[in-house]
Amino acid sequence: MKMKTYELKLNELHTLAEGILKEFKNGVVILQGELACGKTTLVKEIVKQLGVSDDVTSPTFSLQQCYSDKIFHYDIYNHGLDHFISLGMLEELDKEGLHFVEWGNEELENILSSAEIDTLTIEIEKISDNMRKYKVRHAHA
Ligand SMILES: Nc1ncnc2c1ncn2[C@@H]1O[C@H](COP(=O)(O)OP(=O)(O)OP(=O)(O)O)[C@@H](O)[C@H]1O
Ligand SMILES: [Mg+2]
């Protein structure tokens with residue numbers, strides 16, 4: 001298990017997105033951190049680098065948003081993990097492609113690990129109005 005830490009401003013975020021895409025092409029990216037820390041913003045940056053121009057927003061009311069047949073976005077804040085699982089979403093996470101899950105927790109990490117689904121966990125913390133700290137952990141690395 002390796003962990004890397006970055007402190008980045010908004011205009012530096014592309015460097016993290018590039019690094020993530022270089023080593024993580026398939027699997028689940030769990031995004032953790034308090035309200036408005038920048039989870040959706042990071043998804044937006046990665047999706048942009050994948051050459052998809054869709055508008056990326058937190059899928060607050062829908063369970064899943066697809067930006068291509070291989071890029072998916074989920075937010076489990078409103079309904080919780082149990083609801084997400086009971087609707088069969090684990091099967092979705094196993095599909096080929098990149099899956100971004102805002103508010104994924106340790107319980108989800110453990111479930112994905114048991115299912116041998118490759119997982120990257122990113123913990124975001126607000127350092128100041130224009131700076132965030134990103135702790136990136138890759139379970140199988
Ligand atoms: N690295 C960064 N440096 C400075 N500001 C940032 C950074 N990343 C995101 N922000 C800003 O933080 C604000 C909130 O971002 P965002 O909507 O991505 O948060 P979120 O974690 O998805 O929120 P929610 O919990 O509501 O889903 C935005 O104004 C965004 O521009
Ligand atoms: Mg969000």
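Visitor: In H2 of this predicted model, which residues are buried?
Guide: A residue counts as buried if 20 or more other C-beta atoms lie within 10 Å of its own. In helix H2, which spans 39–49, the residues that are buried are Lys39, Leu42, Val43, Lys44, Glu45, Ile46 and Val47.

Visitor: Which elements do the buried residues of H2 pack against?
Guide: The partners include both a helix and strands, for the buried residues of H2 pack against helix H1 (13–23) and against strand E3 (65–68) and strand E4 (71–75).

Visitor: Which element gives the largest share of the shell around ligand 1?
Guide: There are 17 residues around ligand 1, and Gly38, Lys39, Thr40, Thr41 and Arg132 come nearest. The elements that give two or more residues to this shell are H2 and E7. By kind, the shell divides into seven nonpolar, six polar and four charged residues. The largest share, three residues, comes from H2.

Visitor: Is Ala36, whose phi is positive, buried or exposed?
Guide: Most residues other than glycine have a negative phi. Ala36, by contrast, has a positive phi, near 65°, and its place is in the loop between E2 and helix H2. Because a residue with 12 or fewer other C-beta atoms within 10 Å counts as exposed, and Ala36 has 9 of them, the word for Ala36 is exposed.

Visitor: Is Trp103, which also has a positive phi, buried or exposed?
Guide: The phi of Trp103 is near 70°, and this residue is found in the loop between strand E5 (98–102) and helix H5 (106–114). The cut-off for a buried residue is 20 or more other C-beta atoms within 10 Å. Because Trp103 has 20 C-beta neighbours inside that distance, Trp103 counts as buried.

Visitor: In which sense do strand E2 and strand E6 pair?
Guide: Strand E2 covers residues 27–32 and strand E6 covers residues 119–128, and five bridges join the two. Within this pair, Val29 stands opposite Leu120 in E6. The sense in which E2 and E6 pair is parallel.

Methods. Residues are numbered from 1 along each chain as its sequence is written. Chains are lettered from A and ligands numbered from 1 in the order in which they are written. This is a predicted model: local features need pLDDT of at least 70, side-chain atom pairs count only at pLDDT 80 or more; totals for chains, interfaces and linings use all residues. Two strands pair if DSSP finds at least two bridges between them. Helices (H or I, at least four residues) and strands (E, at least two) are DSSP runs, numbered from the N terminus. Two residues are in contact if their C-beta atoms, placed from the backbone, lie within 7 Å. A residue is near a molecule or strand if its C-beta atom, placed from the backbone, lies within 6 Å of it. Ala, Val, Leu, Ile, Met, Phe, Trp, Tyr, Cys and Pro count as nonpolar, Asp, Glu, Lys and Arg as charged, and the others, Gly among them, as polar.
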